[in-house]
Amino acid sequence: MIDLPHGNQLRILVIDDLPAIHEDFRKILQPIGPAQSILDKASIIFGTSATAAQPPRFRLDSAFQGEEGLALVSKALAEKRPYSLAFVDMRMPPGWDGLETVRRLWQVDPRLQIVICTAHSDYTWSDFNAALGTSDNLIILKKPFDNIEVQQLSHALTSKWLLARELDAHIASLDELVRNRTAELSRANEELRASDERFRQTLAAAQQGLYDLRVPTREIRTTPEYARILGQQPDTFVESFDAWLARMSPEDRPRVEAEYNEYIRGSASFFTLEYRQLSATGSTLWILMRGNVVARDEQGHPLRILGTITDITERQIAELRLQRSQRLECIGSLTSGIAHDINNALVPQLSGISLLRPFVSPDKSELLDLMAISANRAASM
């Protein structure tokens, strides 16, 4: 509910060229009850305070010509205290008649409820519709009118006006809510797009490709980075599980397939596989595949697996080179040890040859020389 425009009162404007008519409306819509009159007189006689009665529902203003009524309606709108209802006389010489007055009033305030009061048949209902258009804000009241008719029309039309204002306020509130919600969604979408872009850049920097494996159909949906790693065109493509196995190295295929089947039958959520795979250019790639189950059926069997693949070929080559270097280092250490042991065994022999040389005849010294040369060559190996 909205507050009434003027405290607890609704504003009604009476536009009529006869002052007596204004007085009649005041008696009907702003009556002073007998009890209140007695209380007022008693307060004067005995000097006491009279109990205040409830203020009237309506606040009445008067205009004696259509032009004056238009000025009051315009002023009320400017002050944001609009009139809810206007009683307009049909004949008000020398100024505008009721029809022209209503037309001017609705140009300023189209929500104003209007009751045209007339004792004549100057215009038919069709004339009113032709001049003012069809409207549910217009009522024709024939003079002389009954007090109850005025009261009923005043209460019904002002209540209708209030409900229309409440509806406008509710619609405005909904519009504001929609605007705020739309702005929030727009900001959320911007943040989501920014997050997606950061995620895409992170994946590109990490050289990882995404895949989405539908286990029951064995269908694999992949991203452009996945295709790029395998030397395919950088477009999103779909392949089958069997095609994935077919590209795998024959040496790794049985092991990978066995590990995958064991994973599907088990309850683990995460797996890691390393295997060799042929690229589109025919070269062999080392691939590191990671996967995570994101959906299972009622029996717990995996339905969908999301994961990544990473090209680890350079890492594998580096590891092989390191292993080869370590093997060569071991061979060198072994050879050095053997040579050291041989040298230790030959040193006594060379010393013995040197000791024998003075006691050997000249014709036998050539044999000692040959023995010394052989021992030196063995020690130098």
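Is Lys 80 buried or exposed? Select Lys 80: this residue is exposed, with a relative accessible area of 72% (buried means under 20% relative accessible area, exposed over 50% and partly exposed in between, with a 1.4 Å probe and protein chains only). Before going on, note that this is a predicted model, where local features need pLDDT of at least 70, side-chain atom pairs count only at pLDDT 80 or more, and totals for chains, interfaces and linings use all residues. Residues are numbered from 1 along each chain as its sequence is written, and side-chain values use heavy atoms, leaving out hydrogens and water.

**Around Lys 80**

Lys 80 sits in the loop between helix H3 (66–78) and S3 (helices, H or I of at least four residues, and strands, E of at least two, are DSSP runs numbered from the N terminus). Check its backbone: phi of Lys 80 is near 60 degrees, a positive value in a residue other than glycine. Most residues other than glycine have a negative phi, and most peptide bonds are trans.

Now select Ser 84, in the loop between H3 and S3. At 1% relative accessibility, Ser 84 counts as buried. Leaving out residues up to four places away in sequence, Ser 84 touches Leu 10, Arg 11, Leu 112, Gln 113, Thr 158 and Trp 161 (contact means heavy atoms within 4.5 Å).

**Backbone stops**

Go to Pro 93 and Pro 94, which are joined by a cis peptide bond with omega about 10 degrees. Pro 94 is in the loop between strand S3 (85–89) and helix H4 (98–108). Another cis bond runs from Lys 143 to Pro 144, with omega near -5 degrees. You'll find Pro 144 in the loop between S5 and H6.

Then pick Arg 218, in the loop between S6 and strand S7 (219–222). Its phi is near 55 degrees, again positive in a residue other than glycine. Arg 218 is partly exposed, at 32% relative accessible area.

**Aromatic pairs**

Searching the whole structure turns up seven aromatic pairs (rings of Phe, Tyr and Trp, the last by its six-membered ring, pair if their centres lie within 6.5 Å; planes under 30 degrees apart count as stacked, over 60 as edge-to-face and the rest as tilted). Show Phe 25 with Phe 145: they make a tilted pair, 5.3 Å centre to centre and 40 degrees between the planes. Phe 25 lies in helix H1 (residues 19–29) and Phe 145 in the loop between strand S5 (138–142) and helix H6 (147–206), so this pair ties together parts that are 120 residues apart in sequence. Phe 25 is buried at 1% relative accessible area, and Phe 145 is buried at 16%.

Next, show Phe 241 and Tyr 260, a tilted pair with 4.6 Å between centres and 35 degrees between the planes. Phe 241 is in helix H8 and Tyr 260 in helix H9, so the pair ties together parts 19 residues apart in sequence. Both Phe 241 and Tyr 260 are buried.

**Into the core**

Which residues touch the most other members of the largest nonpolar core? Of its 24 residues, select Tyr 211, Leu 213, Trp 244, Tyr 275, Met 289 and Ile 305 (a nonpolar core is a set of buried Ala, Val, Leu, Ile, Met, Phe, Trp, Tyr and Cys residues joined through side-chain atoms within 4.5 Å). Elements giving two or more residues to this core include strand S6 (208–214), helix H8 (241–246) and strand S9 (270–278). Apart from it lies another core, of 22 residues, with Val 73, Ala 76, Ala 86 and Met 92 among them.

Back at Tyr 275, its contacts beyond four places in sequence include Trp 244, Arg 255, Leu 285 and Met 289.
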